[in-house]
Amino acid sequence: MELGGVQGTSDDAAVSKLSACLLGYYEDDFMRIFVGKETRRSPLINRGYFARVAAMDMIIERFMEATASGQRQIVVLGAGSDTTYFRLRKRGFLPDLYVEMDLEGVVAKKLDVIRHYEHVQEALGVTAGDVDAALASPPSARLLRSKNYVLTCADVRQPELFETVLSSLEGFDFSAPTLFISECVLCYVEPRDSEQFLRWALGKFPHAAFTSYEQILPDDAFGRTMLGHFESRGCPLLAIKSFPDIQAQTRRFETMGWPQVEVFDMNDVYYKCIPRSQVRHAERIEIFDEFEEWHMMQAHYCVILTSRSQDNRLEGLRLLKPEVQKESQDQIKIKSTGSGDQQPDGENKPTSADLVAPLEGATRPIPFPMPATSTSSDAPANPPMIPSAAPSSPQENSASSE
Ligand SMILES: C[S@@+](CC[C@H](N)C(=O)[O-])C[C@H]1O[C@@H](n2cnc3c(N)ncnc32)[C@H](O)[C@@H]1O
């Protein structure tokens, strides 16, 4: 079943995630079943998807840690073919309820795949009959449900219907800590619609966290190429012009009243937030020398993590751990006293401006590749060892990160 427009982006993401899994960037036993034809992506794309998945995994893990003592729920907006549920289940790390929602076509397609695989039904805790019943229901009532998994149709642009769907789920508790995940989803929604949704979540949930992975920097050469690509695919990035950079994204949430907001571009997420052991593992997989493109591409994606909790129980849910925050502040102090740009671990790390500047025609050098032999826990890992596919163009970079 071929899906067009924005629903088709789910298949593109799945193909790229599978490429990264098959090469060993991360483990996923279920991705393969959601992809028709395996396609090997370039090292740049594989590493980008590794970083994206690692960032989302890290946030889920921190949410689970912060809420370990009671009921907690995860609601995945525009879940597509995502397989995080299975990976969490394998680790014995599931929340009380894991709810996946998407538009009708995507949900029908996912159900159709689940229908064909008994081991998937087993992992989800459902029967073939449950899947058939869900497929036979009208989209407004389409629901696959087990003890802690739900797959259903919901459009983020209609929070009132969203609320109706969630209210109808036995065991769903609006007062329990709830993490909303939007991995490349709100970027396809008009700002007024996402605002309506985010205001609804803030008003409805006393303990809510919201994370989003989305594109930024539409106005440089790379950004323009990226925009053109999505437009030509029939799924324009509807939010990017309203929230073009980290500052605008931060304001977006702060003005709505989300009290704790962190927004980092993917360079910062990769070098400062994702566990070093995972990064070291990923950097050993393929030969990689496209550092300029890598930093440019990563500068065009950001992760937002915001939360609000009436009793502060989500206060510790942060992208940047406090010790790293302190290190960053110390670095700022070193810089502002004119003591040089060297970071404590001896590395020069780029800022987004460093990475985007070359696109704008500036001649500022990019301070990478960095030495591969550092033993610092915050340094990039050892050189890659396995031969890779051909390098990709900026068009492919943006094109493949759906
Ligand atoms: C790029 S895919 C990402 C899929 C998944 N989150 C992932 O990262 O693998 C975007 C998904 O958002 C869904 N989507 C787009 N607009 C939506 C809306 N208004 N409501 C719900 N889902 C939406 C699409 O159907 C698609 O599955």
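How many strands form the open sheet, and in what order do they stand?

## The model

This is a predicted model, in which local features need pLDDT of at least 70 and side-chain atom pairs count only at pLDDT 80 or more, while totals for chains, interfaces and linings use all residues. Residues are numbered from 1 along each chain as its sequence is written.

## The sheet

The open sheet is formed by eight strands in the order E3-E4-E2-E1-E5-E6-E8-E7, with mixed pairing. Strands (E, at least two residues) and helices (H or I, at least four) are DSSP runs, numbered from the N terminus. Two strands pair if DSSP finds at least two bridges between them. Strand E3 (143–145) and strand E7 (260–265) are at the edges with a single partner strand each, so one side of each has no neighbour in the sheet. From one strand to the next, the twist averages 10°.

Strand E2 (residues 97–102) and strand E4 (residues 149–153) run parallel and are joined by five bridges. Glu100 stands opposite Leu151 in E4.

## Helix H1 against helix H2

Two packed helices are described by the angle between their axes and the distance between the axes. Axes here are lines fitted to C-alpha atoms, for helices over the stretch in contact, and angles run from 0 to 180 degrees between N-to-C directions. The axes of H1 and helix H2 (residues 43–66) cross at roughly 95° and come within 9 Å. H1 is therefore roughly perpendicular to H2 (angles of 65 to 115 degrees count as such).

Ser16, Lys17, Ser19, Ala20 and Leu23 in H1 meet Ile45, Asn46, Tyr49, Phe50 and Val53 in H2 (contact requires C-beta atoms, placed from the backbone, within 7 Å). The residues of this contact comprise six nonpolar, three polar and one charged. Ala, Val, Leu, Ile, Met, Phe, Trp, Tyr, Cys and Pro count as nonpolar, Asp, Glu, Lys and Arg as charged, and the others, Gly among them, as polar.

## Helix H2 against helix H11

The axes of H2 and helix H11 (residues 266–273) come within 10 Å and cross at roughly 65°. On the H2 side, Ala51, Ala55 and Met58 meet Met266, Val269, Tyr270 and Cys273 in H11. The contact of H2 with H11 has seven nonpolar residues, no polar and no charged.

## Around the ligand

Of the 22 residues around the ligand, Thr9, Ser10, Gly78, Gly80 and Glu183 come nearest (a residue is near if its C-beta atom, placed from the backbone, lies within 6 Å). Helix H1 (residues 5–23) gives the largest share of this shell, five residues. The shell has eleven nonpolar, five polar and six charged residues.

Notes
Parallel < 35°, antiparallel > 145°, perpendicular 65-115°, else oblique. Contact = placed C-beta atoms within 7 Å.
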